[in-house]
Amino acid sequence: MIAAPVAPVELLSEPGAEARSGSASTATARATQFVEERLPAATRLGSELAELAGDPEALARTLDSALDELSDPIYQREQSRVAPGIGPVHGVRLPLLTAVRRAFDRQTKRDSSASLILLADRLLRQPTMEPRWFAIGVLDRTLKIEPERTWQLLRRAAREAADWITIDTLAHPVGRGILREPYRWAELEQLVISPSRWERRLVASTIATMPFADRKAGRAPEVAQRGLEILGTLIGDADPEVQKALSWAYRSMTVVDPEATAKALESEARQAQKAHDGLRAWVIRDALPKLPPERGAAIRTQLDGLRRRPDAQPTSRAAELAHRFAGMGLGRATPEPPL
């Protein structure tokens, strides 16, 4: 299934619909009807794609053409608005993409991971975004059997990403990959000094999804221990897209270890107050609703008056490390071995 991003795009409505109709229900009803009418076609498409799984080129062509038939122009405009930089999209609503993937998965459950990886590799090269998101879902299936080759493609997709929807979709298989092979925490740690804001966002988004990607392994004590340590390195990032993922990640860590998370936020609040750090304060303040009310209120009082400024320079330890090691190649993309 295609993973829902941090703020599900499917909740978007037609701009101005509420003002024109007096209620947002008109846009919601329209979207519901649109999806219901096209669900059978989406399911058929998934089955048709399964027949082409051994021919990535043919599948890519078929998928591209069929997605145009499932597209919603209103939804297409909204995706571009809420995710600037997203690149070309067909504008297919999430339930329809999910229906395509479910049918495809059912029909290809006995296909080899090697052939699925080749398919994902091809779809990640498509110019539009929905085939790439489809590919990420395919890679989520191959993680267990072909972890190294799958990981190469996930990392490539992250390097090429330019929007939060793609990054937050990637976060689910990346998180599962780390939980299955804990040595990959080191790779996540390296990304905190990436020059790409989207790779830095992936760090926080991955930590945010872990407790839900695997409800047993993702809630083990070491997840909070390592996750909070990495978040403590990245907090103070100046990019709003990274900040949003950081607050999401802190909220998720309260599910794993509420006491350790509360202490971490209290420590960061003291640092923010001492340094008059509005960047750090924004993240902390956005995470407070998941803390016990009395502890959240104390931190909120501590942060009173601290606001982030658009021109503020990063204050994170990650930014300091990136500056210190500038010119040494750290944080740069490295070529992956061939598939």
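Residues are numbered from 1 along each chain as its sequence is written, and side-chain values use heavy atoms, without hydrogens and water. Because the model is predicted, local features need pLDDT of at least 70 and side-chain atom pairs count only at pLDDT 80 or more, while totals for chains, interfaces and linings use all residues.

Two packed helices are described by the angle between their axes and the distance between the axes. Here, helices (H or I, at least four residues) are DSSP runs numbered from the N terminus, and axes are lines fitted to C-alpha atoms over the stretch in contact, with angles from 0 to 180 degrees between N-to-C directions.

Helix 12 (residues 221-234) packs against helix 13 (residues 240-256) at an angle of about 155°, and their axes are 10 Å apart. The two are therefore roughly antiparallel, a term for angles over 145 degrees. Their crossing is left-handed, meaning that the near helix is turned anticlockwise from the far one by less than a right angle. In this contact (heavy atoms within 4.5 Å), helix 12 contributes Val 223, Ala 224, Leu 228, Leu 231, Gly 232 and Leu 234, which meet Val 242, Leu 246, Ala 249, Tyr 250, Met 253 and Val 256 of helix 13. By class, eleven of these residues are nonpolar, one is polar and none is charged; Ala, Val, Leu, Ile, Met, Phe, Trp, Tyr, Cys and Pro count as nonpolar, Asp, Glu, Lys and Arg as charged, and the others, Gly among them, as polar.

Helix 14 (residues 258-275) and helix 16 (residues 293-302) come within 9 Å, crossing at roughly 15°. This pair is therefore roughly parallel, as angles under 35 degrees are called, and its crossing is left-handed. Among the residues in contact are Leu 265 and Ala 269 of helix 14 and Ile 299 of helix 16. Four nonpolar, two polar and five charged residues make up this contact.

Ile 284 is one of the residues with the most contacts inside the largest nonpolar core, which has 94 residues. Such a core is a set of buried Ala, Val, Leu, Ile, Met, Phe, Trp, Tyr and Cys residues joined through side-chain atoms within 4.5 Å, where buried means under 20% relative accessible area (1.4 Å probe, protein chains only).

Turning to the loops, His 276 lies between helix 14 and helix 15 (278-287). Its phi is near 50°, a positive value in a residue other than glycine. His 276 counts as exposed (over 50%), at 60% relative accessibility. Gly 87, in the loop between helix 4 (73-82) and helix 5 (94-107), is partly exposed at 33%, a class that lies between buried and exposed.

Terms used
Angles under 35 degrees count as roughly parallel, over 145 as roughly antiparallel, 65 to 115 as roughly perpendicular and the rest as oblique.
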